[in-house]
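Keep the 3D view open as you read, and find each residue as it comes up.

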Amino acid sequence: MTKRLFFSIGLLSASIIAFQLILMHILSIMQWNHFAYMIISVALLGFGASGTLLALKSKWLVERIRVMLPLLMILCGLSMSSILAVSEWLFGTFDSYLIFVDTDQLYSLVLTYLAFFIPFFIGALAIGLIYVAYVKKIGSLYFADLFGSGIGGLASLLLFWTFFPSQLPAVIAVFPVIAGILLIPAEKKRVFTIISLASLVLPAILYFNPPELKLSEYKSISKALDLPDAQIVKERTSPYGHIQVVSSGALRYAPGLSMRFKGEVPVRDVIYSNGDWFGPVVSWSREDTTHFLDYTTNALPFVINKPEKVMVADAGTGLFVAHSIVRGASSVAAVEQNRVAVDLLKNELAADIDSLFSHDAVRLEKLQSRSYLLSDTSSYDLIILPTIETFGGTSGIHALNEQYLLTREAFKDMWERLTDRGMIAITTWMDYPARNTLKVLGTLMSTLHEADVDDPGRHLIAVRGWGTVTFVLKKTPVTEEQIEKVREFSSSKFFDPLFLPGIKKEERARYNMLQDDNFFELADRIFSGPEEAEKLYSEYDFNIRPSTDNRPYFSQFLKWSRLSHLAEMFGTGSVPFIEVGYLVVGITFVQITVAAIVLIILPLFFMGWRGGYRAFTVLHFSGLGLGFMFVEIVLIQRFVLYFGSPIYAAAAVLSAMLICSGAGSYFSSRIEGTHRDIVKMTGIVIIFILLYGIFLTPVLLSTITLPFLLKILFSIALIAPLAFFMGMPFPLGLRTLSVHNNTLVPWAWGINGCLSVISTALALIIAVEAGFFWVMVMAALAYGITLLANYAKR
Amino acid sequence: MKNRYFFIPVIILLMSAAATFTAPAQVFDELRENMVRTQIKARGIDHAPTVEAMRNVERHLFVPTARRNRAYEDGPLPIGHGQTISQPFIVAYMTQLVNPGPGDKVLEIGTGSGYQAAVLAEIVDQVFTIEIVSELGESAARLLKELNYDNVEVKIADGYYGWEEHGPFDAIVVTAAAEYIPPPLVDQLKDGGKMVIPVGSPFMVQNLMLIEKNGDEITTRSIMPVTFVPFTRKE
């Protein structure tokens, strides 16, 4: 029984983690990826609420554990397979864009949220029940739980490669059912065998007839599919996202095209990743001598110089790569992390783009661009960055994406990679009110100031069209000849220079006028020097201070303190769309905190409890709930840069953390587990966290050039000691509690769940507002609470 | 307290009935008049034909039935297919910007609900409107016909090519903005003609871009609607 129990709990935990990742994946396809945080919190809320039920009904449940365990596991599987289909059927599909304009959508969101809560709640109830019933073996059980979760994280990657998103819930649902079958009591074998077999029917039906994933009508792909004759011509599923190629007779792409352009803007297929725009499949031929980008502000660097060696960061579908070759580049490093999309372009779509990615001059690097910059030692005449924002804006849905390519440190790295004639080019869409343009300008100016160039103003050129601005940062000062070329280029394309040595006021808005000079005044303040820029950053209604590796949120502009002012200016209805991503996290945080208190903490006050150890329980387990998640989230973020891929980083960190914590938990069963022991272990954790907070980034940066396999081994070696010790205080605390006041064990489980829920959203808010370093400091403080709780009882 | 089993469902039923209740035409007339007063005139729209058109066109008829009661609110509303019927003020502002008058011929790209076409049709002689999503185009064409807007022609097609056989136009109103301005539209604009395009997220207060053609030269002007207070300035 014991072996089967360990295996079952491991299998169940693996399925719960995998199901969580699957839901995050599906919601990012149907809506946007900020719902990932909602799923994390729903899952943890399920864990917390299960603790409450256990606390209230533990006697009843433990008495029936032989029946309850397999039953709960089977129910967990059933709910996993069907919850998506059922919630769509019952409540319809909510559309996150409409939440702020249509109250029905809000109800639908809340009901969906509650529906998703069910499988996590049932699964967690089974795990919690095992803990309560077998608390003496908590060390080994917690190990099986964490080890299973670690494996589940890795297994989900495999599933993402193999199955289509809509089939995934049905696939993963089989595993909790198997976990349940393993625990069927001998005396109920017949009944349970029938139930188990019957419960496999639903996943089978849903696997072969998966529910349709109804995408938000505001997703890019939904709009493309509304066009005449639109159809999905190719589709790939992978952890990098669900890649779809859409073809239609009306899909065209020519961003910010000059009104001087007289040709036909050609129709082209477009690649979408998780329903979001990835890039156009731009027809291109090796014979081409002109490119439509010549008629956009993107052509600026090629007007100034004739770059030979070019690096295209986040190359996407290769638009800038093709343009560079047409404009005479002899070597282009195309850096793109989405392997699936790139492989599609290199193979099946090769004919459409004349095998661009197999061109002799093109070197393809399948990495995140910043990681490539850190590991590469080449020099470039031109580094082209991806265009910032999209036409009309994305309403801040990317606000919480870490963009390590757009930090001050990233620009410093790029500056150091430039040859003497080198340039960095970056284009942004004009936005209203100005945010992206000003933040880019601020970042570029800070690069020049840090590089200590003599006259920063002579190293920056910017040209503005009707919709875009292209900035070029030059290693050497701009020459008079280049200034003349830029003037000629601008007037020939109906563009206006924005920054150019010796520019006259009237030159700035000859073809593209703004309502007033406000934008120019703001830009000039940033341009004039660090002191004036700093004053503007504090005064401005949005956060336009350049982002850093410690706070890599380039697209995060919202200042909470200015929210009421913004509401006054734009009307409350419009405010959410200024930065919906961060606002959703803020709202999620408040909502989760309330829900966690109502569902987890309040019921426990009504149940009453006997004996002491209440303060200990609250402090010990809150500290752990907060601290563990803080550390986990920071580590994931740091390793994203290290591996150059968020998916592998998340999988590696999650799995290594959980498996090593599991090992620590297993080891904890061998030590006595006094309060003095817990103080020691927690003290070690705090020291580790502080050391990691200070040294992790430099250590990672200095080893980033190691081969991939060595990096994996090195990262496991880095994570292992911290995770090992972090795995101990929870089982040790539960064991101590079971000795002193057994009735508090489920409560402890609930408190830990509750604080873990809150800490996921809180960690993100701290990271955005203060940076990752402070999240680590908060993690150390959280473990400090646990340490104090034990110190007082030693 | 068994009564609660009766009263609570009744209250819920009454509340849901209230939500779907559609006001009589007279109420809509009052709401529309109020909209013109508080959202249009109060915000500086002073082009008399535009104000009159906003007063005449029954906006609620262009809004999906379920959202009809919100037709005269100060904001955009979803109409399906990821499209919206613009905020009343934006419709008025765009109309005023192209300075339409009797005898004019206007091209609209992106018919959507048909509301902007109806407002233009109140002022000019001919409105040609193109919608790429057939469901939207068909329903707008039907509605405009029902409302006797005989001077509006709806075509379901790709707006990229404009409507060459009816060009050149005095004004072009692009309601569904794209990230490029199709060269054929610029060609079909009369010398001295104006084109207007909204820029920004569909639910935000939008910025507008006015394109003017003067001989071979084309200029653009970004115009923030007057509801905007300019951002932090250097004092």
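Predicted model: local features only at pLDDT ≥ 70, side-chain atom pairs only at ≥ 80, totals over all residues.

## A buried alanine in a loop

Leaving aside neighbours within four places in sequence, A:Ala329 is in contact (heavy atoms within 4.5 Å) with A:Pro307, A:Glu308, A:Val310 and A:Ser324. A:Ala329 lies in the loop between α10 (319-326) and β6 (331-335) of chain A. Helices (H or I, at least four residues) and strands (E, at least two) are DSSP runs, numbered from the N terminus. With a relative accessibility of 7%, A:Ala329 counts as buried; buried means under 20% relative accessible area, exposed over 50%, and partly exposed in between (1.4 Å probe, protein chains only).

Residues are numbered from 1 along each chain as its sequence is written, chains are lettered from A and ligands numbered from 1 in the order in which they are written, and side-chain values use heavy atoms, with hydrogens and water left out.

Which residues of helix α11 (residues 339-346) of chain A are buried? They are A:Val340, A:Ala341, A:Val342, A:Leu344 and A:Leu345. Their cover includes α5 (138-162), as well as β1 (231-236), β2 (243-247), β3 (270-273), β4 (276-280) and β7 (362-365) of chain A.

A:Leu349 sits in the loop between α11 and β7 of chain A and is buried at 3% relative accessibility. Apart from neighbours within four places in sequence, A:Leu349 is in contact with A:Lys234, A:Val245, A:Ile271, A:Val281 and A:Leu344. Its C-alpha atom is separated by 49 Å from that of A:Ala596, 247 residues apart along the chain.

## Salt bridges

A:Arg421 belongs to strand β9 (residues 418-429) and A:Asp381 to strand β8 (residues 380-384) of chain A, so the pair ties together parts that are 40 residues apart in sequence.

A:Asp431 is buried at 10% relative accessibility, and A:Arg435 is buried with a relative accessible area of 9%. A:Asp431 is also touched by A:Asn436, a residue of helix α14 (residues 436-450) of chain A that is buried with a relative accessible area of 2%. Elsewhere, A:Arg525, A:Glu532, A:Lys535 and A:Glu539 are linked in a network of salt bridges.

## Aromatic rings

The structure holds 34 aromatic pairs over all chains. Rings of Phe, Tyr and Trp (its six-membered ring) pair if their centres lie within 6.5 Å; planes under 30 degrees apart count as stacked, over 60 as edge-to-face and the rest as tilted. The ring centres of A:Phe143 and A:Phe147 are 5.6 Å apart and their planes are at 35°, so this pair is tilted. The two residues are four apart in helix α5 of chain A, about one helical turn. Both are partly exposed, A:Phe143 with a relative accessible area of 25% and A:Phe147 with 35%.

Another group, made of A:Phe667, A:Phe688, A:Tyr692, A:Phe724 and A:Phe725, forms one aromatic cluster.

## A look at chain B

Chain B has seven helices and nine strands. Of its 235 residues, 52% are buried. Among contacts in chain B between residues at least 6 apart in sequence, 54% join residues at least 24 apart.

Note on methods
Salt bridge = Lys/Arg side-chain N within 4 Å of Asp/Glu carboxyl O.
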